[in-house]
Amino acid sequence: MHRAVAGAELNARQPLHRIAAGTAALALSAVWLGPSAAAAQPAPSSQTEQTEAAPAGSPAPTLAEQERLLAAYERADRAHRETFVKLAASQRDAATPPPPPAPVVTKTPAKTTSTKKSTSSSSSKKSTTTTSNVAPPSGAAGTVVNFALAQVGKPYVYAASGPGSYDCSGLVMAAYAKVGIKLPHQSEQIAARGRQVPAGQWMPGDVIHTSGHVAIYLGGGKMVEAANPSAGIRVAPVRGGTAYRFL
């Protein structure tokens with residue numbers, strides 16, 4: 001009678017939250033693992049078996065025994081919880097499709113075209129041209145043109161008519177003197193004695209007149225002239241004017 005009363009008083013002193021926690025652990029184990037939960041539970045100690053197997057009226061287990069039993073349940077619950085979390089994570093990973101592979105970007109090498117630049121260094125020399133690229137005519141016109149070309153490179157001297165230097169009208173007068181035509185030593189008077197030639201009908205040997213200047217037409221848009229003291233006698237492009245014919 002004394003032992004039964006002591007056991008009842010001990011049970012009354014047990015913390016209710018510990019008993020509830022042990023009951024919840026057993027329930028969670030049964031839900032997670034099913035029928036195999038009982039098999040996974042830790043084997044109770046011999047003292048616990050003897051206590052549970054004790055017939056009615058035997059003294060209740062002590063507080064230390066109940067704490068050991070509750071600690072065993074908590075360890076089992078923790079182990080089952082970790083196993084369940086790992087299993088759920090593995091199933092989730094298996095259900096999630098792997099991300100598509102990143103597209104492979106192939107870099108095409110840029111085509112570099114190397115252009116060879118040929119540098120030609122040409123030194124421009126001021127040289128007096130003695131001939132024109134236009135073939136001189138034959139006959140009297142050829143004589144006038146050839147004489148004028150032979151004077152290219154000589155100096156220009158105002159009022160000179162050869163043979164070492166010429167001005168513009170002196171060169172024309174000397175060239176036409178080679179074919180027996182006497183012309184005055186003045187540009188305006190030379191133009192007044194010739195026959196005006198329409199544009200597009202000029203021929204080599206014609207005299208080209210501009211204001212205060214005369215020259216001999218070579219053909220191909222060029223003429224020979226006694227230009228000025230700095231340029232001397234030269235072959236140059238035609239710079240307009242009016243043509244006159246004497247042959």
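Start by selecting E225: with a relative accessible area of 0%, this residue is buried, because the cut-off for that label is under 20%. Keep in mind that you're looking at a predicted model.

R239 sits in the loop between β5 (232-237) and β6, while E225 is in strand β4 (residues 222-228), so the pair ties together parts that are 14 residues apart in sequence.

Now bring in R234. It forms a salt bridge with E225 too, with the closest N and O atoms 3.1 Å apart. R234 is partly exposed, at a relative accessible area of 31%. Through shared partners, the salt bridges join E225, R234 and R239 into one network.

The H213 side chain makes a polar contact with the E225 side chain at 2.8 Å. H213 is buried, with a relative accessible area of 13%. Beyond its neighbours within four places in sequence, H213 has contacts that include C168, S187, I208 and R239.

How many salt bridges does the structure hold? There are 3. For another one, select D206 and R245, whose closest N and O atoms are 2.9 Å apart. This pair links distant parts of the chain, 39 residues apart: D206 is in the loop between β1 (195-197) and β2 (207-210), and R245 is in strand β6 (residues 242-245). D206 counts as buried, at 3% relative accessibility.

Definitions and conventions: Residues numbered from 1 in each chain as written. Predicted model: local features only at pLDDT ≥ 70, side-chain atom pairs only at ≥ 80, totals over all residues. Heavy atoms only, no water. Buried < 20%, exposed > 50% of the residue type's maximum accessible area, 1.4 Å probe, protein only. Polar contact = N/O pair within 3.5 Å; in protein donor to acceptor, adjacent residues only side chain to side chain. Contact = heavy atoms within 4.5 Å. Salt bridge = Lys/Arg side-chain N within 4 Å of Asp/Glu carboxyl O. Helix = DSSP H or I, 4+ residues; strand = E, 2+ residues; numbered from the N terminus.
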